[in-house]
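Let's take a walk through this model, starting with the charges and the overall build and then moving into the cores. Keep the viewer open as you read.

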Amino acid sequence: MRRIVFFIIMFTILSGSCRNKNYRVNINDIELDLSITRLENILFGNDPAWVYERLDSLSNAHPGILTYLSYLINIGNIGDPGWSEGLMNFITSRQNVEVYRSTAEIYEDIRGIEEEMEVAWKHYRYYFPDADIPEIYTCISGFNSSYIIGNEVIGISLDRYLGRDSEYYPMLGIYNYQTLWMIREKIVSDCMYAWASSTWINEDNEDKSTDVMNAMIHEGRLLYFTKCMLPDEEDTLLFRFTEMQMQFVLNNEQQIWEYLVEHDMLFSTDPLLLKKLTGDAPFTSYFTSESPGRAANWIGYRIVESFMRRNPDVSLSDLMKEDKLPSILERSKYSPG
């Protein structure tokens, strides 16, 4: 029995390693000097009077991130009446100051994040050589959003990555299955996923007419994109699955697919069904409690992976721009198991 268990574990590890090799490309000749601007240190790490006196120069130096952050924390646009007062109230709030101190302690050194981020964006430049690399900031958003994505700018809300044991998250009503991934190790892959989902929008989903198949293939290609940017990312981190949940989808891929087909779920536009299959949850209620939430997104990823393997002439750029998602399933010749 022990030999059988050992074989299964080793087979899973080796299979994952072989799959990772398919995503690796040569980025050695790609030049990119990426740095992350610590906006939270600028706003919270200086005397508020110093910040107030320099609001004009700060907004001129960092217009993009301050514009998007201002809307997120509901203080209006830069230059609006009350904007300066709103920003000063935000950075002098007792709770926000306490959160900043916790953040500064946890993220005193972010060189490792910068290095991983640089690798990811070198992959982005490899696949999209004509695309601009956004300016990247860290910030505090009052727990409002993990990422701020705007025109050529990204803000990483470090207060959403204080660790699964942070005292703040239970007070905010954030569930344990969500805080499990509010960790440093998820910052870069979350960033690339968020950038992709903002850049390539599922139009069907925007007008609320999408069906399960469309949604899960779109989610699948966002995950596929993220894997291409971070080929060495552990699948458990990429998909936000625990080890047991990862094993569940690996062992039950065929059964999950057959369930979706046999119960006529693929073309359903029922928003509740869609949420249960592709939305964030502790598990997928149509399967067992051992299953992960977003299990259908895993199937979508496997369909996209099969599609790209069988259509080597299709570039990642082509995949992300494809607006006829059912054709991806047809041309993937997807066969689970």
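For the charge count, Lys and Arg are taken as positive and Asp and Glu as negative, with His and the chain ends not counted. Each charge is placed at NZ of Lys, CZ of Arg, CG of Asp or CD of Glu. On that basis the protein chain carries 30 positive and 50 negative charges, and their mean positions lie 7 Å apart. Bear in mind that this is a predicted model: local features need pLDDT of at least 70 and side-chain atom pairs count only at pLDDT 80 or more, while totals for chains, interfaces and linings use all residues. Residues are numbered from 1 along each chain as its sequence is written, and side-chain values use heavy atoms, with hydrogens and water left out.

Now the overall build. The protein chain has 19 helices and four strands; these are DSSP runs numbered from the N terminus, with helices being H or I of at least four residues and strands E of at least two. Its radius of gyration, taken over C-alpha atoms, is 21 Å.

What sits inside? A nonpolar core here is a set of buried Ala, Val, Leu, Ile, Met, Phe, Trp, Tyr and Cys residues joined through side-chain atoms within 4.5 Å. The largest one has 70 residues, and Met117, Trp121, Met216 and Phe225 have the most contacts inside it. Helix 13 (residues 212–229) supplies the largest share of this core, eleven residues. Contact means heavy atoms within 4.5 Å, and beyond its neighbours within four places in sequence, Met216 touches residues including Trp257, Leu260, Ala296 and Ile303. A second, separate core of 30 residues includes Val51, Leu66, Tyr137 and Tyr168.

Next, look at helix 19 (residues 325–332), where Leu325, Ser327, Ile328, Leu329 and Ser332 are buried. Their cover includes helix 13, helix 15 (243–262), helix 17 (295–310) and helix 18 (316–321). Just after helix 19, Lys333 takes a positive phi of about 50°.

Finally, find Ser166 in the loop between strand 4 (153–157) and helix 9 (168–171). Ser166 is buried, at 11% relative accessible area.

Notes. Buried < 20%, exposed > 50% of the residue type's maximum accessible area, 1.4 Å probe, protein only. Rg over C-alpha atoms; globule rule 2.2 N^0.38 Å.
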